[in-house]
Amino acid sequence: IDVNGVSVSVLPHIILEGITRKGDHVVGGIKFSFPKTKPLVEESANFLSILIHWHAEEYLADKGKPHIRLCHAIDIPTATVFEPPKTYKRRRQQLQEACNEIVQRWPNVEPPRGYVEGE
């Protein structure tokens with residue numbers, strides 16, 4: 001998804017689709033985390049859930065209304081299923097602000113030694 005000019009790769013591993021008691025179609029997703037060193041923590045999992053919800057809005061809306069309660073992050077090594085945060089609008093704004101800062105600073109970042117663009 002594009003967040004204020006920054007391409008963020010989300011790609012949920014599993015797409016969830018359902019129907020509410022009222023008959024509304026809803027959609028979400030699950031993203032698995034396979035860290036090699038540090039396990040996924042609640043703060044990071046919250047942002048990941050928000051990105052999954054955002055991805056559902058951008059790419060899955062034809063399957064149903066994106067529902068934050070269907071957007072989960074799972075840390076595989078610790079078998080921890082993180083519930084999505086209740087305050088997703090504020091966290092989405094934080095993601096937008098962070099990406100805006102990246103866009104502003106990126107032109108001033110020196111590329112790593114030996115980096116060749118396009119390779």
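Helices (H or I, at least four residues) and strands (E, at least two) are DSSP runs, numbered from the N terminus. The legends below use these names throughout. The model is predicted: local features need pLDDT of at least 70, side-chain atom pairs count only at pLDDT 80 or more, and totals for chains, interfaces and linings use all residues. Residues are numbered from 1 along each chain as its sequence is written, and side-chain values use heavy atoms, with hydrogens and water left out.

**Figure 1. Overview of the chain, with 2 helices and 6 strands.** Read from the N terminus, the elements follow the order β-β-β-β-α-β-β-α. The C-alpha trace spans about 55 × 30 × 30 Å along its principal axes. Of the 119 residues in the chain, 35% are buried, where buried means under 20% relative accessible area, exposed over 50%, and partly exposed in between (1.4 Å probe, protein chains only). The chain exposes about 8400 Å², of which carbon and sulfur atoms supply 53%; accessible areas come from the Shrake-Rupley method with a 1.4 Å probe, and for residues only the protein chains shown count as cover. Among contacts (heavy atoms within 4.5 Å) with a separation of 6 or more, 58% join residues 24 or more positions apart.

**Figure 2. The loop around P84, between β6 and α2.** P84 counts as buried because its relative accessibility is 6%. Not counting residues up to four places away in sequence, P84 touches S49, I68, R69, C71 and H72. The C-alpha atoms of P84 and A73 are separated by 7.8 Å, the two residues being 11 apart along the chain.

**Figure 3. Packing of helix α1 (residues 42-59) against helix α2 (residues 88-105).** The helices pack at an angle of about 90°, with their axes 10 Å apart; axes are lines fitted to C-alpha atoms, for helices over the stretch in contact, and angles run from 0 to 180 degrees between N-to-C directions. That angle makes α1 roughly perpendicular to α2, on a scale where under 35 degrees counts as roughly parallel, over 145 as roughly antiparallel, 65 to 115 as roughly perpendicular and the rest as oblique. From α1, the residues E43, N46, F47, I50, L51, H53, W54 and E57 meet Y88, R91, R92, Q94, L95 and Q96 of α2. The residues of this contact divide into 6 nonpolar, 4 polar and 4 charged. In this division Ala, Val, Leu, Ile, Met, Phe, Trp, Tyr, Cys and Pro count as nonpolar, Asp, Glu, Lys and Arg as charged, and the others, Gly among them, as polar.

**Figure 4. N46 in helix α1.** With a relative accessibility of 5%, N46 counts as buried. Its contacts, leaving aside neighbours within four places in sequence, are E83, P85 and R91.

**Figure 5. The largest nonpolar core, with 19 residues.** A nonpolar core is a set of buried Ala, Val, Leu, Ile, Met, Phe, Trp, Tyr and Cys residues joined through side-chain atoms within 4.5 Å. I1, V8 and L51 touch the most other members. At least two residues each come from α1, β5 and α2, and α1 gives the largest share, 7 residues. V8 is in contact with I1, V3, L51 and C99, its neighbours within four places in sequence being left aside.

**Figure 6. H25 in strand β4 (residues 25-33).** H25 counts as partly exposed, at 48% relative accessibility. Apart from neighbours within four places in sequence, H25 is in contact with G18, I19, K63, G64 and K65. Between H25 and E43, 18 residues apart along the chain, the C-alpha atoms are separated by 29 Å.

**Figure 7. P35 in the loop between β4 and α1.** A relative accessibility of 25% places P35 among the partly exposed residues. L40, D75 and P77 are its contacts once neighbours within four places in sequence are left aside. P35 and D75 are 40 residues apart in sequence and 7.9 Å apart in space, C-alpha to C-alpha.

**Figure 8. Positive phi values at L11 and A79.** L11, a residue other than glycine, has a phi near 45° and lies in the loop between β2 (6-7) and β3 (14-19). L11 counts as exposed, at 56% relative accessibility. A79, likewise not a glycine, has a positive phi of about 55° and is found in the loop between β5 (65-75) and β6 (80-82). At 64% relative accessibility, A79 is also exposed.
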